[in-house]
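Hi there,

Here is the structure I promised to pass on. My notes follow below it.

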Amino acid sequence: MSDAKTVAIIGAGPVGLAAAAHALERGLRPIVLEAGAEAAHAVRQWQHVQLFSPWKYNIDTAAARLLATTGWNSPDPEIYPTGRELIDHYLAPLADRTALRDVIRTSHRVTAISRTGFDKAKSKGRAAAPFELRVRNGNGDAVLQADAVIDVSGTWFSPNPAGGNGLPALGEAEHRARIAYGMPDVTGAQRSRYAGKTIAVLGGGHSAVGTLIDLAALAEDAPGTQAIWLLRAEDPARSFGGGSADQLAARGELGMAFAALVRSGRIRVETGFHVSRIADDNGRLEIFAGGDRRIGVDELIVATGFRPDLSMLSELRLRLDPAIEAPVALAPLIDPNEHSCGTVRPHGARELAQADEPGLYLAGMKSYGRAPTFLMMTGYEQVRSITADIAGDKKAAARVELKLPETGVCTRGGLSSIPALPGCCGGPAPSGVDSCCVDDVKAKAAGRTGCGCS
Ligand SMILES: Cc1cc2nc3c(=O)[nH]c(=O)nc-3n(C[C@H](O)[C@H](O)[C@H](O)COP(=O)(O)OP(=O)(O)OC[C@H]3O[C@@H](n4cnc5c(N)ncnc54)[C@H](O)[C@@H]3O)c2cc1C
């Protein structure tokens with residue numbers, strides 16, 4: 001083992017753990033550095049959320065091989081787990097009961113990375129110098145050397161701010177106590193914070209939609225709860241998905257259910273709302289959208305996506321796309337203007353290596369920069385290829401082993417959390433049919449008014 005290359009893996013999320021499993025199989029020496037007190041620290045923050053991909057897409061192959069040696073029972077491939085179940089049935093056993101146990105260092109935050117004896121400006125001999133990672137743990141700062149670095153530290157802890165221009169809105173930091181980011185557990189752990197309140201949710205993606213649906217459910221048994229959807233776009237239709245024409249059935253169903261909630265008035269909508277300023281109004285939040293336009297609420301949930309924290313990489317030579325902040329070769333493949341998660345093609349070391357900093361790779365959620373379309377299974381393929389590359393198996397690194405399904409992987413289960421809705425049942429109607437659902441189509445064909453079509 002003494003000749004084995006040391007690979008520093010930053011982050012013990014699903015992709016970091018998979019990277020370590022692949023590295024072990026390749027005879028490399030992985031060291032996983034995790035800032036949190038336990039593996040899957042970021043997933044723990046959204047553990048109440050139901051995944052939109054079923055188990056068959058959430059388990060890495062090398063990780064499964066490691067787990068198999070412990071007598072692990074793999075979960076039903078067709079079931080959609082929650083974040084909690086992902087931890088309990090996969091990530092925690094992987095981190096705690098396999099050989100990974102000996103390579104994970106929790107409560108170890110990487111704060112900076114450079115190369116031994118080389119600052120960023122110095123070139124000659126640079127590629128042969130080992131990486132030097134500054135690591136902070138309970139005992140202060142320490143230095144760790146590594147032959148290669150895989151940065152899989154995710155983006156969960158650097159959410160986008162509320163400001164419509166990408167900057168924090170004026171007053172956003174000052175009113176932090178009544179602003180939450182991402183997907184707070186509004187019907188569970190955070191229920192008392194939101195029950196009976198007026199809550200604005202800012203954003204147009206899955207997180208915003210999921211939170212608004214949860215707030216509508218909360219309003220059912222907590223009178224006085226009112227959800228307001230703040231949308232930067234003028235047209236909310238994009239957030240409803242493809243409806244009955246959506247190839248991804250459950251996603252279409254979710255979008256239609258959400259659309260029905262909005263139509264019914266249970267969620268108030270403010271479109272074209274670009275937050276500029278947040279102020280206090282007698283204990284309530286006043287949210288301004290430029291000029292005189294404003295709304296008053298008790299709480300604001302900002303669900304405008306995430307961006308990578310690049311600060312620890314500032315002493316390294318990085319080539320990132322200036323808009324998406326993803327590695328330059330990857331950015332065109334994942335441009336959110338062009339791709340949904342089902343259409344991003346699998347990729348690996350070739351797209352993720354840094355040409356000016358050999359041995360450094362960005363992977364996992366962080367590699368997608370500001371693009372919101374990352375999937376765990378794509379990350380597993382990334383680290384399979386990267387570890388092959390580090391081990392010198394260029395053929396395996398160049399091979400694409402992942403077949404992304406055309407549909408299905410972006411769907412979300414858990415429709416049970418949606419309150420009963422008028423006019424939507426029986427699954428999405430076939431495309432091109434003027435009906436809200438399959439049962440509706442059948443009822444109309446039989447001359448009836450249809451389910452919910454009174
Ligand atoms: C609410 C939500 C639902 C999702 N649902 C799905 C789904 O259904 N299917 C799917 O395929 N994908 C889903 N994703 C996308 C993605 O697969 C997950 O975010 C996944 O957790 C990403 O894995 P990761 O390992 O890249 O990063 P993370 O899970 O974010 O892990 C990164 C780790 O790095 C640690 N870290 C951060 N900074 C440092 C540092 N400086 N030093 C050391 N450690 C550090 C963090 O504590 C964390 O443990 C979802 C994402 C979210 C937010």
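Let me start with helix H4 (residues 83-97), which bends by about 40° at leucine 91, with proline 93 following within four residues. The bend is the angle between axes fitted to the seven residues ending at a residue and the seven starting there. Helices (H or I, at least four residues) and strands (E, at least two) are DSSP runs, numbered from the N terminus.

A word on the source: this is a predicted model, where local features need pLDDT of at least 70, side-chain atom pairs count only at pLDDT 80 or more, and totals for chains, interfaces and linings use all residues. Residues are numbered from 1 along each chain as its sequence is written, and side-chain values use heavy atoms, leaving out hydrogens and water.

Back to H4: its buried residues (buried is under 20% relative accessible area, exposed over 50%, partly exposed in between, with a 1.4 Å probe and protein chains only) include Leu86, Tyr90, Leu91 and Pro93. Among the elements covering the buried residues of H4 are H1, S3 and H11; contact means heavy atoms within 4.5 Å.

Now the sheet. It is open, with 5 strands in the order S3-S2-S1-S7-S16 and parallel pairing; two strands pair if DSSP finds at least two bridges between them. The edge strands, S3 (104-105) and S16 (360-362), each pair on one side only. Strand S7 (residues 148-151) and S16 share 3 bridges, and isoleucine 150 stands opposite tyrosine 361 in S16.

Hope this is a handy start!
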